There are 2 protein chains.
Amino acid sequence: MELQLNKLNKTFENRIRLGVMSILMVNDWVDFNSLKDLLKITDGNLASHIKALEAETYIEINKQFINKKPNTSYRATLLGRKAFNEHLNILEKIIKQK
Amino acid sequence: MELQLNKLNKTFENRIRLGVMSILMVNDWVDFNSLKDLLKITDGNLASHIKALEAETYIEINKQFINKKPNTSYRATLLGRKAFNEHLNILEKIIKQK
DNA sequence: ATAAAGAACTTTGTTCGGCAAAGTAACAAC
DNA sequence: GTTGTTACTTTGCCGAACAAAGTTCTTTAT
């Protein structure tokens, strides 16, 4: 029996970042307010977690204007998808003790 | 789409406590040093996480002497098993966005 | 030009959690 | 009573998470 706890990705242990990545794994581009509504957190809090994901290049950002209003959207990068899947695989191994 | 992030159990978000519970889900009684070796952490650190799990009544404790030496063992309570399974179910829902 | 408004950050300050290291208690053996 | 081992507690530090307040950027109105 060999647990691989330290192979878990710290970035994805936080529930907010887990939520953001889960959303971006199944939706191509999602904007700031959609994330905010889904996650039910303050804008400042969301911004800081997004910043952390962007710092790891796990998500990418697109800024534009829609209906004369600023609109920022995000999507998972290839690296982000890979890292997230890897995290989930490790998680499964730990839980099921494979 | 409705994420249920706040239904995740805070006690199981920490990787050490996740590891302890994972071990105790598939092994009946496990002693202190076995856990310490598997998790590769200091005894003080392990003790504090065990304390947290015990405070929630997620694990129970048995103290005895084996070969003239003190030996403390732990196992998951029924409540602990239930809570852990529930946590994993929520986790799966979030990840797979059911 | 200037002001007002909205979106998306950033900053500030507090609180909490995790951790190592050192210290302590309990019991056994002698 | 002294020593040894295990398990646990305390201490102190550092970093993460969060809310709330402040800031920036651009558009639209005046």
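In this predicted model, the side chain of B:Lys63 places an N or O atom 3.3 Å from a phosphate oxygen of DNA strand D.

Which part of the DNA strand lies within 4 Å of the protein, sugar and phosphate or bases? On the protein side, 20 residues surround DNA strand D, and the closest are A:His49, A:Lys68, B:Asn33, B:Asp43 and B:Tyr74. By class, six are nonpolar, eight polar and six charged.

Both chains supply elements to this surface. From chain A, helix 1 (15-26) and helix 3 (43-55) each give at least two residues, as do helix 2 (32-39), helix 3 (43-55) and strand 3 (69-76) of chain B. Strand 3 of chain B gives the most, with five residues.

Finally, I consider how helix 2 of chain B packs against helix 1 of that chain. The two meet at an angle of about 125°, their axes 11 Å apart, and helix 1 is therefore oblique to helix 2. The crossing is right-handed. B:Ile16, B:Gly19, B:Val20 and B:Ile23 of helix 1 meet B:Leu35, B:Leu38 and B:Leu39 of helix 2. This contact has six nonpolar residues, one polar residue and no charged residues.

Methods
Residues are numbered from 1 along each chain as its sequence is written. Chains are lettered from A and ligands numbered from 1 in the order in which they are written. This is a predicted model: local features need pLDDT of at least 70, side-chain atom pairs count only at pLDDT 80 or more; totals for chains, interfaces and linings use all residues. Side-chain values use heavy atoms; hydrogens and water are left out. A residue is near a molecule or strand if one of its heavy atoms lies within 4 Å of it. A polar contact is a pair of N or O atoms within 3.5 Å; within protein, one must be able to donate a hydrogen and the other to accept it, and residues adjacent in sequence count only if both atoms are side-chain atoms. Helices (H or I, at least four residues) and strands (E, at least two) are DSSP runs, numbered from the N terminus. Ala, Val, Leu, Ile, Met, Phe, Trp, Tyr, Cys and Pro count as nonpolar, Asp, Glu, Lys and Arg as charged, and the others, Gly among them, as polar. Axes are lines fitted to C-alpha atoms, for helices over the stretch in contact, and angles run from 0 to 180 degrees between N-to-C directions. Angles under 35 degrees count as roughly parallel, over 145 as roughly antiparallel, 65 to 115 as roughly perpendicular and the rest as oblique. A crossing is left-handed if the near helix is turned anticlockwise from the far one by less than a right angle, and right-handed if clockwise. Contact means heavy atoms within 4.5 Å.
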